[in-house]
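These are my notes from one sitting with the structure below. I looked up its helices, its charged pairs and its aromatic rings.

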Amino acid sequence: MNKKSCLNCGRSISDEFCAHCGQKADTARITPHSLVKHDILGSIWHVEAKFFRTLKNISFRPGETAMDYISGKRIRYNNFISLLLILFGFNVLGYHFYEKFSPAEILSDDVLNMKNFFSKYSKTILFVIIPMLAINAYFLFKRINLNIAEHFIIGTVSLLGILILFLLDDIVSLIGLWKPVSRIFDLIDKIIFGLSVLFPAITYWNAFKKSYSKPGLLWRVLVLYVLMGVESTVISLILYTIF
């Protein structure tokens, strides 16, 4: 078997990648062709394909995606925390455009107050929902033997799914400003909102459906929602009272 030295670290290599630093063995001189094909187009395609594949898996198989990540299958996915911040930024941008193009009569005081509240406390909400989900699920789904950090990952995937739906809802709301299709898109808007409320339940059901009976999983998910509802109300009241 022919061996050669890695151009990055100098170690002897005989496979496709260097076992020491991970660089490809066939690294060659950069040419105009390789620059365009591999460095520019290849990098863009790799990043975009991975990004959209992660969004797709979170949207259609959220629990299984979270369990894959927990079990070590991570190279196929974008980092969930980074993706969370990206989607959060997209949601803020999406609402900005909705607010910009909406007629004044649509943007009631209640809508504006809600927007101001979430703008002001967005980071607090972001960093409170996931720990709440993780801690509650840790005690409710003890049989799975996941630690609190692993439940944190499942909670992150739940919130990612909600943010994906919220972003889709922003797009639907923008299209719905066109009066000829407003009724249809108002209905779609309500469906998306319902899915966003149910998404944590879908995530945990998808993750643990093989570990619990349907009745056992159902009551645990219902208790999770009750706990989340009570805790969210308390936190919102505290924020409203203090600030």
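I took the expected span of a helix as 1.5 Å times one less than its number of residues. Helices here (H or I, at least four residues) and strands (E, at least two) are DSSP runs, numbered from the N terminus.

Ground rules. I am working with a predicted model, in which local features need pLDDT of at least 70 and side-chain atom pairs count only at pLDDT 80 or more, while totals for chains, interfaces and linings use all residues. Residues are numbered from 1 along each chain as its sequence is written, and side-chain values use heavy atoms, with hydrogens and water left out.

Entry 1, helix H5. I checked the span of H5, residues 148–175. Its 28 residues reach 41 Å from first C-alpha to last, close to the 40 Å expected. At its N-terminal end I found a cap, Asn147, with a side-chain oxygen 3.0 Å from the backbone nitrogen of Ala149. I count a polar contact as a pair of N or O atoms within 3.5 Å; within protein, one must be able to donate a hydrogen and the other to accept it, and residues adjacent in sequence count only if both atoms are side-chain atoms.

I looked up pLDDT, the predictor's confidence in each residue, from 0 to 100. The protein chain has a mean of 81, and 77% of its residues reach 70 or more. Among its elements, H2 has the highest mean (95) and H1, residues 32–60, the lowest (69). Where pLDDT is low, the predicted coordinates should not be read in detail.

Entry 3, salt bridges. I searched for a side-chain nitrogen of Lys or Arg within 4 Å of a carboxyl oxygen of Asp or Glu. The whole structure gave three salt bridges. Arg61 meets Glu64 at 3.2 Å, N to O, and Asp68 at 3.0 Å. Lys209 bridges to Glu64, with the closest N and O atoms 3.6 Å apart. Lys209 lies in the loop between H6 (182–208) and H7 (214–242) and Glu64 in H2 (residues 62–71), so this pair ties together parts 145 residues apart in sequence. I noted Arg61, Glu64, Asp68 and Lys209 as linked in a network of salt bridges.

Which of these four are buried, and which partly exposed? I used relative accessible area: buried is under 20%, exposed over 50%, partly exposed in between (1.4 Å probe, protein chains only). Asp68 is buried at 12%. Arg61 is partly exposed at 23%, as are Glu64 at 30% and Lys209 at 38%.

I found Asn206 in helix H6, buried at 12% relative accessibility. A polar atom of the Asn206 side chain lies 2.8 Å from the backbone nitrogen of Glu64.

I paired rings of Phe, Tyr and Trp (its six-membered ring) with centres within 6.5 Å; planes under 30 degrees apart are stacked, over 60 edge-to-face, the rest tilted. The search found eight aromatic pairs. One of them, Tyr204 with Phe208, is tilted, at 6.1 Å centre to centre and 45° between planes. Tyr204 and Phe208 sit four residues apart in H6, about one helical turn. Tyr204 is buried at 0%, and Phe208 is buried at 0%. I logged Phe141, Tyr204, Phe208 and Tyr212 as one aromatic cluster.
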